[in-house]
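Dear colleague,

I am passing on the structure below for you to look over. My notes on a few local features follow it.

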Amino acid sequence: MEKLLVVSALKDDCYIKNAEHFLAKHAEDVKAGAEKFAQMSGAKILYLLPEGVTAEGLENVRYGMKTPTGDNPYSCAQQLKGNLPRPMIQDDYVAEYDGMEVNVITVEGAFWLAKGTEIKHITVNGEVKEIAMGTKISDVVDASDAKAVLIGGLKGRLVAPDQLDDFVVSTDFLYDSVDVIPKTACIVETLIRHLNNVWNYSCGKCVVCREGTLQFKTICEEMTAGKAKPADVDLLKDVGQLIREGSYCPYGQNWPQAVLDALDLFADEFDSHIKRKQCPAGVCYQAGDTYVILPDKCTGCTDCIDECDELAIEGKKGFIHMIDQALCEHCGKCVDICDEEAIIKVDGKMPKLPKKLTRVGKF
Ligand code: SF4
Ligand code: SF4
Ligand code: SF4
């Protein structure tokens with residue numbers, strides 16, 4: 001059977017722009033690498049580019065959609081036939097298009113064949129950088145104002161800024177992008193936007209990957225609306241593991257990791273959204289509906305406790321009182337009873353509040 005070498009520029013995602021950079025700046029090198037590879041196997045070359053992207057000097061160009069399976073021969077063959085880009089992973093499976101056996105090389109692979117592997121392209125906060133092998137990721141990105149760093153886009157990991165030294169660029173380095181999540185961000189709201197993108201890029205071949213994304217997103221949305229339950233964190237962890245184990249291709253096997261990382265790194269922030277119905281970053285939760293007791297004003301007189309029909313106010317004489325956001329119905333009745341003006345409806349960023357009963361003057 002004749003052979004077709006598909007040079008694919010479709011494997012990037014919304015965080016990774018490397019392929020477009022290769023085509024704009026290194027099309028000649030990509031072409032040289034592809035020709036070298038094709039010569040070895042006697043294959044005909046076809047370039048598969050994202051819609052709207054052009055590259056000078058390339059012939060036999062076809063277009064498709066970006067997909068995490070853009071390096072899988074069957075997925076590429078499906079796109080060439082006008083179908084959805086769904087992969088086939090079996091070792092002995094031969095993908096076919098137009099009577100030819102399809103092999104795939106990525107544009108990065110072709111570039112490396114032509115130029116060697118001394119540099120790696122990594123998209124850093126949306127901008128493609130050429131980085132020498134052996135460089136630590138901590139030297140590539142300014143993480144001084146980072147809450148966390150997403151390494152590797154939709155298939156990547158979420159790490160704390162002080163973990164960046166552990167990531168060193170090499171030919172085995174799996175990650176093609178680095179994105180700083182600023183300290184001001186809410187991790188739950190960030191995950192919702194991230195999961196939206198994860199869903200957009202899943203091909204729908206497996207139910208666990210496709211439906212799992214939606215389920216994750218729904219739970220995170222419930223967290224920002226004050227409707228999530230404490231058990232939801234364990235549910236996310238369990239389902240995340242199931243998706244990793246039950247998904248057909250590396251996309252589904254990897255995308256839950258960033259969510260699992262977030263649950264570990266920011267357990268307090270998830271707890272705050274779920275149990276106290278507060279967004280510590282003051283970003284996502286409907287702060288205008290939240291009543292709180294200001295710890296520096298409360299004298300611990302207990303007057304407000306009886307005013308609340310929902311039994312939402314916790315406290316005892318001489319202790320700073322607290323409102324249980326899971327029980328509060330936002331009626332506002334307690335505001336007027338407090339002579340100290342300690343009970344307020346929050347407008348904007350949440351004030352710092354005690355997590356347990358604390359003596360007046362000790363917070
Ligand atoms: S894991 Fe996701 S992207 Fe991969 S084949 Fe299944 S549905 Fe498609
Ligand atoms: S919030 Fe006001 S009414 Fe309630 S215990 Fe504190 S000072 Fe008293
Ligand atoms: S706003 Fe209403 S429900 Fe909430 S703590 Fe005050 S009195 Fe109770």
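**Notes on the model**

H321 is found in the loop between β13 (319-320) and β14 (322-323), where helices (H or I, at least four residues) and strands (E, at least two) are DSSP runs numbered from the N terminus. This is a predicted model, in which local features need pLDDT of at least 70 and side-chain atom pairs count only at pLDDT 80 or more, while totals for chains, interfaces and linings use all residues. Residues are numbered from 1 along each chain as its sequence is written, chains are lettered from A and ligands numbered from 1 in the order in which they are written, and side-chain values use heavy atoms, with hydrogens and water left out.

H321 counts as buried, at 1% relative accessibility; buried means under 20% relative accessible area, exposed over 50%, and partly exposed in between (1.4 Å probe, protein chains only). A polar atom of the H321 side chain lies 2.8 Å from the backbone oxygen of F319.

Most residues other than glycine have a negative phi. N125, although not a glycine, has a positive phi of about 50 degrees; it sits in the loop between β6 (119-124) and β7 (127-132) and is partly exposed, with a relative accessible area of 43%. L311, also not a glycine, has a positive phi of about 55 degrees, and this residue is found in the loop between α11 and β12 (313-314), where L311 is exposed at 68% relative accessible area.

Conventions. Polar contact = N/O pair within 3.5 Å; in protein donor to acceptor, adjacent residues only side chain to side chain.
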